[in-house]
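Here is a short tour for someone meeting this structure for the first time. Have a look at the fold, then read on.

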Amino acid sequence: MTARFSHLTPAARRLWAKSGEAPGHGLLAHLLDVAAVAEVLLEHEPPATLEHFARQFGLPVPAFARHAAALAGLHDFGKAIPGFQDKWPEGRQADEALGLPFPPRSLSVAEHACASAALLWEHLSGLGIPHLLWIRHALQAISAHHGYHFNQPEFNRARPPFEPAAWAEARREIFAAYWAVLAPQGIPQVEALSLPAVQWLAGLTSVADWIGSNPDWFPQGERQDSLADYHADACRRAGRALAAIGWSRSAVLLREAATVDQLIGRIVQRPESSARPLQREADRLLDGVRGPALLLVEAPMGEGKTELAFLAHLRLQAANRHRGLYVALPTQATGNALFRRALSFLRAFAGDAALDMQLVHGGAALSDDVRRLQGIYGAPGESVTSSAWFSQRRRPLLSPYGVGTVDQALFAALNVKHHFVRLWGLANRVVVLDEVHAYDSYTGGLIEALLRWLKALGSSVVLMSATLPAQRRAALLRAWGVADADAPAPAYPRLLLADERGLQGATCASRPLPSIRLQAVGAELDSLADCALECLQGGGCGALIVNTVERAQTLYLGLRERLGDSARLLLFHARFPADQRGEREREVLAAFGVDGERPAGALLIATQVAEQSLDIDFDFMLSDLAPVDLLLQRAGRLHRHRRTRPAAHAEARLFVAGLAPERLPDLKGTGWEYVYDPYILGRTWALLSREAELQLPQDIDRLVQAVYGEAGLPADLTEVDRAFIEDEAYGSHLGKRQTEQMMALNVAIDPDAEPQAAYVQKCRGYEEGEEGLGLPNYTRLGQDSVSLVPLHVVAGGWSLTADGEAFDPDQTLPDTLARALHARQLRTSRQALVRHLQAVEAPRAFAEHPLLRHLKPLPLEQGCLTLGRLRLRLDDELGLVYQGPLAAPGEQA
């Protein structure tokens with residue numbers, strides 16, 4: 001006999017899951033909706049994803065997909081309790097009219113997600129399944145759909161006390177009807193689930209619930225009387241919902257045999273191009289790759305590592321049926337720059353497939369590239385678009401293709417809300433981590449944790465760097481499970497591939513770069529300014545890269561006055577509002593990029609934001625002292641492009657402030673010790689100050705290994721400098737590194753942990769804009785920071801500009817104005833300002849708009865604000881200017 005809604009008792013039929021117009025949306029109907037979404041989601045996944053996790057359930061793929069969908073659909077079973085049903089007065093009245101009592105003592109439990117796990121145990125364990133531990137793990141997964149895994153004490157308290165028997169009878173009837181409709185075949189042949197399998201099921205459940213709860217796609221009510229027909233209709237609706245979202249079926253980009261030269265020609269969109277030696281050697285290593293793999297690439301700047309990453313994706317995806325690609329970079333600026341290149345790559349290989357691509361970082365909504373992609377979403381003939389559904393909080397990594405910051409991927413390994421949704425999105429992907437040398441021990445430890453997760457989830461990884469210290473390289477390989485991680489590495493430039501065949505290595509030739517003459521200049525700002533002016537007298541384009549925003553702003557003011565109109569002067573750092581920073585980035589690329597209209601004479605004054613992933617080129621360069629790998633990264637922007645140079649700059653020259661060999665520069669007075677590790681700065685100074693010339697690329701690896709390894713310091717150092725580096729600075733360095741490594745170990749979730757013990761003593765974390773205490777929202781160490789929106793106090797309220805139209809901060813805002821405010825945000829870690837903003841309650845205009853609720857308004861009187869000894873001023877040319885005590889450690893560049 002066909003099961004029907006009309007065959008259920010009135011109480012079981014009317015228990016509600018979604019409030020609304022009476023009688024709301026029934027619980028059984030909602031469970032079937034979400035199960036249908038989960039099932040259709042899995043139909044869109046590549047076979048490799050299902051095969052990987054089916055093995056962990058001990059089931060063939062078809063049976064596994066139905067089991068996973070059936071379990072996901074049960075996520076809200078705990079809504080059939082008095083405490084939850086009491087939340088909607090009309091729903092409670094209907095329940096009471098049908099004989100379901102609400103004794104006050106049973107209302108104390110209202111957390112339905114945790115109750116789902118507690119109440120489902122008796123139903124699932126009664127199905128004759130021989131091994132029950134995997135059920136506990138599965139229930140742990142589906143009950144986490146509100147964002148966090150519950151702990152054992154919470155499970156113990158999740159059953160409603162003193163509940164009348166009528167409730168249990170209604171639940172029994174709902175479960176029996178639901179399970180009969182889905183009728184999973186076979187029994188999982190495992191005793192327990194691994195934590196990665198639990199996280200994958202948790203991610204599937206949350207995503208299916210988000211989609212299945214949308215009334216536009218799943219209208220309330222019993223849309224069919226037959227439960228089987230209702231489920232079939234829900235599956236059809238799920239298919240239409242995924243189409244509306246832009247969630248396409250997985251497709252492999254490389255569908256025919258091609259040589260490495262042909263692929264590189266398509267990637268760079270120049271068919272006549274041929275692969276460089278690095279790319280050719282990587283392609284040889286990837287030939288015949290077996291299973292998910294780790295490819296580690298160390299090569300100098302300008303050798304085509306980005307194109308190699310795209311090439312590796314094509315090969316790895318074709319071999320393993322990976323569902324997509326995520327490229328993770330250190331900063332938003334580097335992510336923005338690479339997004340355009342990734343978009344060109346996808347368009348070159350999409351063919352007739354419809355692909356979604358996301359920019360994955362907090363400023364993505366400001367990107368003109370993203371807005372254009374969203375504007376053409378759904379247009380016929382457009383192969384790559386950007387769905388607005390994927391762009392919402394916690395969803396971008398669900399899209400098969402994305403470029404963004406490494407932080408967004410690292411959140412997957414931390415106990416932040418819905419971190420398992422990020423893991424679900426990263427599963428069976430190719431994940432590229434660029435500039436992996438650019439992180440401290442804490443973030444490096446989180447990257448190692450992420451590598452362990454990615455391997456467990458069936459993903460492949462490409463790690464890229466100009467060069468890595470040997471101990472860092474070994475740590476990354478060990479995180480992937482490479483047994484011989486400490487084995488000698490090939491000569492630089494080097495490639496290492498770890499897959500099911502073991503570890504293979506290779507080296508290759510690289511094009512010689514022009515030699516760079518090293519020259520010391522004083523650390524004082526006047527010395528840097530004088531040197532820059534002297535260089536500019538020979539014409540050409542130069543860069544002056546300093547370690548703090550204060551130094552950049554002061555240099556800009558002094559040089560602006562001294563230069564006049566004789567050369568173009570640009571300032572670029574991270575303390576501009578986001579819209580202005582984007583404009584500055586575009587100006588920098590237009591002036592110094594490969595296709596820009598290069599000025600006859602120009603100087604860029606910048607902080608670290610100019611040293612990574614921006615394809616810019618200079619005739620001469622000045623730089624503050626920095627760790628050797630970052631100095632080499634900066635030097636890689638010298639004579640980078642093939643072009644005719646002014647005669648005065650025919651030879652590449654790098655002037656380094658504080659590099660004079662006589663004595664170590666004042667690291668405290670310059671503020672450099674607050675930005676970089678004094679021990680690494682000291683070793684860089686000691687070893688690099690004895691060099692007269694850089695021969696790239698061969699000197700890159702030699703110098704990095706010397707500074708970060710155990711090479712002895714020069715014999716002619718003064719006793720004072722030697723004692724500082726080897727004793728004082730080294731002791732602090734060692735303690736800091738050990739502390740950071742331990743902190744990373746303590747906060748990261750271990751994929752090898754037993755699922756029910758994995759979260760013991762792991763604080764629940766909160767990302768920016770969420771309320772709560774516990775794990776800080778850091779994927780990088782540093783002091784507290786906030787994102788603010790500078791505003792001007794004017795007659796009638798606040799304004800975006802000093803002479804602009806006023807708005808009332810106590811009124812809700814139109815979306816156009818909210819977007820304009822959102823586009824003006826900037827981030828600060830200055831503690832006096834952070835404490836001030838955290839203590840101020842957000843006005844209604846910010847608190848009630850989703851774009852603004854995680855931002856802090858900063859009202860300025862005549863462009864200024866005074867907080868004790870700190871005075872800050874917003875300047876159109878300089879950005880946010882602080883006047884007061886020295887910048888705090890970790891102040892953003």
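## A strand with partners on both sides

Let's start in strand 16, where leucine 622 is the bridge partner of leucine 544. Strands here are DSSP runs (E, at least two residues) and helices are too (H or I, at least four residues), numbered from the N terminus. Leucine 544 is one of the buried residues of strand 13. Strand 13 (residues 540–545) and strand 16 (residues 620–624) run parallel and are joined by four bridges; two strands pair if DSSP finds at least two bridges between them.

Strand 13 also runs parallel to strand 15 (residues 601–606), with six bridges joining them. There, alanine 543 stands opposite leucine 604. Is strand 13 enclosed or open? Six of its six residues are buried, so the rest of the structure largely encloses it. Buried means under 20% relative accessible area, exposed means over 50%, and partly exposed is in between (1.4 Å probe, protein chains only). Gly540, Gly542 and Leu544 cover one side, while Cys541, Ala543 and Ile545 sit on the other, and all are buried.

## How to read the numbers

This is a predicted model, where local features need pLDDT of at least 70 and side-chain atom pairs count only at pLDDT 80 or more, while totals for chains, interfaces and linings use all residues. Residues are numbered from 1 along each chain as its sequence is written, and side-chain values use heavy atoms, with hydrogens and water left out.

## Aromatic pairs

How many aromatic pairs turn up in a search of the whole structure? The search finds 21. Rings of Phe, Tyr and Trp (its six-membered ring) pair if their centres lie within 6.5 Å; planes under 30 degrees apart count as stacked, over 60 as edge-to-face and the rest as tilted. One of the pairs is tryptophan 16 with phenylalanine 84: the centres are 4.8 Å apart and the planes are at 35°, so this pair is tilted. Tryptophan 16 belongs to strand 1 (residues 16–18) and phenylalanine 84 to helix 5 (residues 82–85), so the pair ties together parts 68 residues apart in sequence. Tryptophan 16 is buried at 4% relative accessible area, and phenylalanine 84 is buried at 7%.

Tryptophan 247 and phenylalanine 390 make another tilted pair, 5.3 Å centre to centre with 45° between the planes. Tryptophan 247 is in the loop between helix 12 (227–245) and helix 13 (260–268), and phenylalanine 390 is in helix 18 (residues 388–391), 143 residues apart. Tryptophan 247 is buried at 5% relative accessibility, and phenylalanine 390 is buried at 0%. Both belong to one aromatic cluster, together with Phe53, Phe57, Phe64, Trp134, Trp200, Trp389 and Trp424.

## Charges over rings

Arginine 105 lies over the face of phenylalanine 162, 3.9 Å from the ring centre. A charge sits over a ring if NZ of Lys or CZ of Arg is within 6 Å of the ring centre and within 35 degrees of the ring normal. Arginine 266 lies over phenylalanine 349 in this way, at 4.0 Å from the ring centre.

## A helix and a loop

Helix 28 (residues 698–708) has buried residues Asp699, Ile700, Asp701, Leu703, Val704, Ala706 and Val707. They pack against helix 22 (470–479), strand 10 (494–499), helix 26 (628–635), helix 27 (678–688) and strand 18 (693–694).

Proline 809 sits in the loop between strand 20 (797–799) and helix 30 (815–822), and is buried at 12% relative accessibility. Leaving aside neighbours within four places in sequence, proline 809 is in contact (heavy atoms within 4.5 Å) with Gly797, Trp798, Pro843, Arg844 and Ala845.
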